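Student: I'd like to go through the charged side-chain pairs in this one. Can you start with the terms?

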Amino acid sequence: VRHRDQVSSTSWHCKVANGLVGSGAEAKVQLKVGNIFTDIIMKVGDDCKCYFEDHPEVCHPPAEQLHALPIKLGCNPSELVVLQRDQATGDWKEVASIPLGLFLWERDDKIVIADVEGTVIKGDIWTKSADLVLLTTNKHTKGAGGLETVRDGVGPLLSYLDRAGYRVLFLTAAPITRADRVRQTINWIREAEVEQWGKGAHLPASPILTTQERMGTVLLQKLSDRTLAPFMSLSKDAGGNHQSSFKTMSLAELSEVFRGPGEEEDAPGTFVGG
(Lines give C-alpha, C1' and ligand atoms only; values in the text may rest on other atoms or scores of the structure.)
Protein backbone atom coordinates (compact mmCIF):
# COMPACT_ATOMS: atom_id res chain seq x y z
CA VAL A 1 0.00 0.00 0.00
CA ARG A 2 1.46 3.34 -1.04
CA HIS A 3 1.37 6.14 1.51
CA ARG A 4 2.79 9.62 1.11
CA ASP A 5 6.46 8.85 1.70
CA GLN A 6 6.61 5.09 2.08
CA VAL A 7 5.20 1.72 1.06
CA SER A 8 3.85 -0.83 3.56
CA SER A 9 2.71 -4.41 3.02
CA THR A 10 0.99 -7.36 4.60
CA SER A 11 3.07 -10.25 5.90
CA TRP A 12 5.12 -12.23 3.39
CA HIS A 13 4.71 -16.00 3.67
CA CYS A 14 6.49 -18.49 1.44
CA LYS A 15 7.24 -22.19 1.76
CA VAL A 16 9.62 -24.13 -0.48
CA ALA A 17 8.50 -27.62 -1.48
CA ASN A 18 10.03 -30.41 0.56
CA GLY A 19 12.99 -31.97 -1.23
CA LEU A 20 13.46 -29.06 -3.63
CA VAL A 21 16.60 -27.89 -1.86
CA GLY A 22 19.34 -30.40 -1.07
CA SER A 23 19.83 -31.46 2.54
CA GLY A 24 22.20 -29.10 4.34
CA ALA A 25 22.50 -26.80 1.32
CA GLU A 26 22.29 -23.02 1.70
CA ALA A 27 19.24 -21.64 -0.07
CA LYS A 28 17.41 -18.36 -0.47
CA VAL A 29 14.37 -16.94 -2.25
CA GLN A 30 14.74 -13.68 -4.17
CA LEU A 31 11.93 -11.50 -5.52
CA LYS A 32 12.00 -10.83 -9.24
CA VAL A 33 9.70 -8.16 -10.71
CA GLY A 34 9.41 -8.55 -14.46
CA ASN A 35 13.00 -9.25 -15.51
CA ILE A 36 14.56 -7.36 -12.61
CA PHE A 37 15.98 -9.09 -9.53
CA THR A 38 15.25 -6.94 -6.46
CA ASP A 39 17.01 -6.63 -3.10
CA ILE A 40 14.19 -8.47 -1.32
CA ILE A 41 15.62 -11.82 -0.24
CA MET A 42 14.22 -14.45 2.11
CA LYS A 43 16.24 -17.20 3.73
CA VAL A 44 15.01 -20.81 3.64
CA GLY A 45 14.77 -22.43 7.07
CA ASP A 46 15.16 -26.07 8.02
CA ASP A 47 11.36 -26.47 7.90
CA CYS A 48 11.36 -25.07 4.31
CA LYS A 49 9.58 -21.91 5.46
CA CYS A 50 11.09 -18.62 4.32
CA TYR A 51 11.87 -15.62 6.48
CA PHE A 52 13.71 -12.29 6.47
CA GLU A 53 16.95 -11.46 8.28
CA ASP A 54 18.07 -13.93 10.95
CA HIS A 55 14.80 -14.51 12.76
CA PRO A 56 12.11 -16.98 11.58
CA GLU A 57 9.36 -14.76 13.01
CA VAL A 58 10.27 -11.81 10.76
CA CYS A 59 7.70 -11.71 7.92
CA HIS A 60 8.23 -8.21 6.51
CA PRO A 61 11.01 -6.92 4.24
CA PRO A 62 12.82 -3.70 5.20
CA ALA A 63 10.79 -0.57 4.43
CA GLU A 64 13.49 0.90 2.17
CA GLN A 65 13.47 -2.24 0.00
CA LEU A 66 9.69 -2.05 -0.38
CA HIS A 67 9.93 1.61 -1.36
CA ALA A 68 12.59 0.82 -4.00
CA LEU A 69 10.56 -1.87 -5.79
CA PRO A 70 10.08 -1.19 -9.54
CA ILE A 71 6.31 -1.55 -9.40
CA LYS A 72 3.31 0.46 -10.58
CA LEU A 73 -0.26 0.72 -9.36
CA GLY A 74 -2.28 -2.45 -9.86
CA CYS A 75 -0.97 -5.95 -10.46
CA ASN A 76 2.73 -6.43 -11.17
CA PRO A 77 3.65 -9.89 -12.57
CA SER A 78 6.50 -11.16 -10.43
CA GLU A 79 8.08 -14.36 -9.19
CA LEU A 80 9.95 -15.70 -6.21
CA VAL A 81 13.11 -17.39 -7.47
CA VAL A 82 14.54 -20.23 -5.38
CA LEU A 83 18.35 -20.19 -5.41
CA GLN A 84 20.76 -22.77 -3.99
CA ARG A 85 24.45 -22.21 -3.41
CA ASP A 86 26.73 -24.63 -5.25
CA GLN A 87 28.95 -26.18 -2.58
CA ALA A 88 31.81 -26.63 -5.06
CA THR A 89 31.93 -23.22 -6.73
CA GLY A 90 30.02 -21.07 -4.25
CA ASP A 91 27.80 -19.71 -7.03
CA TRP A 92 24.04 -19.36 -6.69
CA LYS A 93 22.02 -21.65 -8.95
CA GLU A 94 18.33 -21.23 -9.76
CA VAL A 95 16.37 -24.38 -8.93
CA ALA A 96 12.75 -23.19 -9.19
CA SER A 97 10.49 -20.15 -9.36
CA ILE A 98 7.07 -19.34 -7.92
CA PRO A 99 4.91 -16.98 -10.02
CA LEU A 100 2.91 -14.35 -8.16
CA GLY A 101 1.13 -11.06 -8.59
CA LEU A 102 2.46 -8.14 -6.58
CA PHE A 103 -0.36 -5.63 -6.01
CA LEU A 104 0.27 -1.96 -5.27
CA TRP A 105 -2.73 0.01 -4.04
CA GLU A 106 -3.22 3.56 -2.80
CA ARG A 107 -3.85 4.44 0.83
CA ASP A 108 -7.34 5.79 0.06
CA ASP A 109 -8.49 2.91 -2.16
CA LYS A 110 -11.78 1.30 -1.14
CA ILE A 111 -11.59 -2.44 -0.52
CA VAL A 112 -14.29 -5.10 -0.91
CA ILE A 113 -13.50 -8.46 0.71
CA ALA A 114 -14.70 -11.56 -1.16
CA ASP A 115 -14.70 -14.48 1.28
CA VAL A 116 -14.01 -17.58 -0.85
CA GLU A 117 -15.73 -19.93 1.63
CA GLY A 118 -19.25 -18.61 1.64
CA THR A 119 -19.28 -15.66 -0.76
CA VAL A 120 -17.66 -17.11 -3.89
CA ILE A 121 -18.29 -20.79 -3.13
CA LYS A 122 -21.39 -22.07 -1.35
CA GLY A 123 -20.51 -23.24 2.15
CA ASP A 124 -17.11 -24.19 3.48
CA ILE A 125 -15.14 -26.31 1.01
CA TRP A 126 -13.13 -27.79 3.89
CA THR A 127 -16.20 -29.53 5.31
CA LYS A 128 -16.20 -31.73 2.23
CA SER A 129 -12.60 -32.16 1.19
CA ALA A 130 -9.43 -30.12 1.31
CA ASP A 131 -8.99 -30.80 -2.37
CA LEU A 132 -12.50 -29.80 -3.42
CA VAL A 133 -11.72 -27.28 -6.11
CA LEU A 134 -13.53 -26.71 -9.34
CA LEU A 135 -11.04 -28.53 -11.55
CA THR A 136 -13.09 -31.57 -12.49
CA THR A 137 -14.41 -29.90 -15.62
CA ASN A 138 -13.71 -26.86 -17.75
CA LYS A 139 -17.31 -26.74 -18.95
CA HIS A 140 -20.22 -24.91 -17.37
CA THR A 141 -22.02 -28.09 -16.33
CA LYS A 142 -23.77 -29.45 -13.31
CA GLY A 143 -22.31 -32.23 -11.21
CA ALA A 144 -19.73 -32.80 -8.49
CA GLY A 145 -17.41 -29.85 -8.28
CA GLY A 146 -19.39 -28.03 -10.97
CA LEU A 147 -21.36 -24.82 -11.32
CA GLU A 148 -23.75 -25.43 -8.43
CA THR A 149 -20.81 -24.99 -6.03
CA VAL A 150 -20.39 -21.35 -7.13
CA ARG A 151 -22.84 -18.72 -5.94
CA ASP A 152 -25.02 -17.40 -8.73
CA GLY A 153 -23.98 -14.03 -10.06
CA VAL A 154 -20.68 -13.74 -8.20
CA GLY A 155 -18.85 -12.99 -11.46
CA PRO A 156 -21.09 -10.09 -12.60
CA LEU A 157 -21.12 -8.64 -9.06
CA LEU A 158 -17.35 -8.58 -8.54
CA SER A 159 -16.78 -7.43 -12.12
CA TYR A 160 -19.17 -4.51 -11.57
CA LEU A 161 -17.42 -3.52 -8.34
CA ASP A 162 -14.06 -3.59 -10.08
CA ARG A 163 -15.31 -1.37 -12.92
CA ALA A 164 -16.81 0.99 -10.34
CA GLY A 165 -13.33 1.60 -8.91
CA TYR A 166 -13.34 -0.71 -5.89
CA ARG A 167 -10.42 -3.01 -5.10
CA VAL A 168 -11.50 -6.64 -4.70
CA LEU A 169 -9.53 -8.94 -2.42
CA PHE A 170 -10.11 -12.69 -1.99
CA LEU A 171 -9.78 -14.16 1.51
CA THR A 172 -9.59 -17.90 2.13
CA ALA A 173 -8.73 -20.25 4.99
CA ALA A 174 -6.99 -22.62 2.58
CA PRO A 175 -3.42 -23.58 3.62
CA ILE A 176 -0.49 -21.91 1.91
CA THR A 177 0.45 -25.26 0.33
CA ARG A 178 -2.87 -25.14 -1.58
CA ALA A 179 -2.63 -21.52 -2.66
CA ASP A 180 -2.05 -22.58 -6.27
CA ARG A 181 -5.24 -24.67 -6.15
CA VAL A 182 -7.22 -21.65 -4.93
CA ARG A 183 -5.81 -19.53 -7.79
CA GLN A 184 -6.74 -22.23 -10.29
CA THR A 185 -10.24 -22.34 -8.82
CA ILE A 186 -10.62 -18.56 -9.18
CA ASN A 187 -9.36 -18.78 -12.77
CA TRP A 188 -11.84 -21.58 -13.52
CA ILE A 189 -14.70 -19.51 -12.08
CA ARG A 190 -13.50 -16.52 -14.13
CA GLU A 191 -13.71 -18.51 -17.39
CA ALA A 192 -17.00 -20.19 -16.48
CA GLU A 193 -18.75 -16.96 -15.47
CA VAL A 194 -17.68 -15.24 -18.69
CA GLU A 195 -18.98 -18.22 -20.66
CA GLN A 196 -22.39 -17.92 -19.00
CA TRP A 197 -22.80 -14.17 -18.48
CA GLY A 198 -20.46 -12.60 -21.05
CA LYS A 199 -17.50 -10.24 -20.66
CA GLY A 200 -19.31 -8.23 -18.01
CA ALA A 201 -18.82 -11.13 -15.59
CA HIS A 202 -15.03 -11.25 -15.85
CA LEU A 203 -13.59 -11.61 -12.32
CA PRO A 204 -10.95 -8.95 -11.63
CA ALA A 205 -7.29 -9.81 -11.11
CA SER A 206 -7.09 -9.65 -7.32
CA PRO A 207 -4.77 -10.73 -4.51
CA ILE A 208 -5.64 -13.85 -2.52
CA LEU A 209 -4.86 -14.02 1.21
CA THR A 210 -4.37 -17.56 2.58
CA THR A 211 -3.31 -18.96 5.93
CA GLN A 212 0.37 -19.80 6.33
CA GLU A 213 -0.47 -23.17 7.90
CA ARG A 214 0.12 -26.47 6.12
CA MET A 215 -2.54 -28.85 4.86
CA GLY A 216 -2.35 -31.24 7.83
CA THR A 217 -2.61 -28.43 10.36
CA VAL A 218 -5.65 -26.92 8.63
CA LEU A 219 -7.46 -30.28 8.46
CA LEU A 220 -6.76 -31.00 12.14
CA GLN A 221 -8.06 -27.55 13.08
CA LYS A 222 -11.17 -28.11 10.99
CA LEU A 223 -11.76 -31.50 12.61
CA SER A 224 -11.30 -29.91 16.03
CA ASP A 225 -13.78 -27.14 15.21
CA ARG A 226 -16.43 -29.62 14.03
CA THR A 227 -15.91 -31.94 17.01
CA LEU A 228 -16.04 -29.21 19.66
CA ALA A 229 -18.76 -27.10 18.03
CA PRO A 230 -21.67 -28.63 20.03
CA PHE A 231 -19.85 -27.99 23.30
CA MET A 232 -18.56 -24.52 22.39
CA SER A 233 -22.06 -23.38 21.47
CA LEU A 234 -23.10 -23.95 25.10
CA SER A 235 -20.68 -21.30 26.29
CA LYS A 236 -21.59 -17.63 25.96
CA ASP A 237 -17.91 -16.71 25.98
CA ALA A 238 -16.96 -19.18 23.28
CA GLY A 239 -14.77 -17.63 20.63
CA GLY A 240 -14.79 -18.31 16.92
CA ASN A 241 -13.22 -21.30 15.23
CA HIS A 242 -9.74 -21.42 13.72
CA GLN A 243 -10.96 -20.35 10.30
CA SER A 244 -12.85 -17.28 11.48
CA SER A 245 -10.00 -16.36 13.83
CA PHE A 246 -7.49 -16.43 10.98
CA LYS A 247 -9.71 -14.28 8.78
CA THR A 248 -10.27 -11.79 11.58
CA MET A 249 -6.53 -11.46 12.14
CA SER A 250 -5.91 -11.08 8.40
CA LEU A 251 -8.43 -8.25 8.13
CA ALA A 252 -6.96 -6.56 11.21
CA GLU A 253 -3.47 -6.68 9.67
CA LEU A 254 -4.78 -5.39 6.34
CA SER A 255 -6.50 -2.51 8.10
CA GLU A 256 -3.25 -1.67 9.87
CA VAL A 257 -1.35 -1.63 6.56
CA PHE A 258 -3.83 0.82 5.02
CA ARG A 259 -3.95 2.97 8.16
CA GLY A 260 -0.22 3.56 8.14
CA PRO A 261 2.07 4.67 10.99
CA GLY A 262 0.96 7.49 13.21
CA GLU A 263 -2.72 7.36 12.24
CA GLU A 264 -5.40 7.01 14.86
CA GLU A 265 -7.47 3.82 15.13
CA ASP A 266 -10.63 5.78 14.41
CA ALA A 267 -9.24 7.13 11.11
CA PRO A 268 -11.52 6.63 8.09
CA GLY A 269 -11.44 2.94 7.16
CA THR A 270 -10.70 1.44 3.79
CA PHE A 271 -13.15 -1.49 3.97
CA VAL A 272 -16.46 -0.68 2.33
CA GLY A 273 -17.99 -4.15 1.89
CA GLY A 274 -17.46 -7.86 2.24
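Tutor: Buried means under 20% relative accessible area, exposed means over 50%, and partly exposed is in between (1.4 Å probe, protein chains only). This is a predicted model, where local features need pLDDT of at least 70, side-chain atom pairs count only at pLDDT 80 or more, and totals for chains, interfaces and linings use all residues. Residues are numbered from 1 along each chain as its sequence is written, and side-chain values use heavy atoms, with hydrogens and water left out.

Student: How many salt bridges?

Tutor: Five, where a salt bridge is a side-chain nitrogen of Lys or Arg within 4 Å of a carboxyl oxygen of Asp or Glu.

Student: What does Arg 259 pair with?

Tutor: Glu 256, with N to O at 2.7 Å. Both are in helix H5 (residues 242-259), three residues apart, so about one helical turn separates them. Helices (H or I, at least four residues) and strands (E, at least two) are DSSP runs, numbered from the N terminus.

Student: Is Arg 259 buried or exposed?

Tutor: Arg 259 is buried, at 16% relative accessibility, whereas Glu 256 is partly exposed at 45%.

Student: Switching topic: which residue does Glu 106 meet?

Tutor: Arg 2, in a salt bridge of 2.4 Å, N to O. The two are 104 residues apart: Glu 106 is in the loop between strand S5 (92-104) and strand S6 (111-115), and Arg 2 is in the segment before strand S1 (27-33). Glu 106 is partly exposed at 21%, and Arg 2 is partly exposed at 33%.

Student: And what about Lys 32?

Tutor: Lys 32 forms a salt bridge with Glu 79 at 3.9 Å, N to O. Glu 79 lies in strand S4 (residues 74-85) and Lys 32 in strand S1, so the pair ties together parts 47 residues apart in sequence. Lys 32 counts as buried, at 17%.
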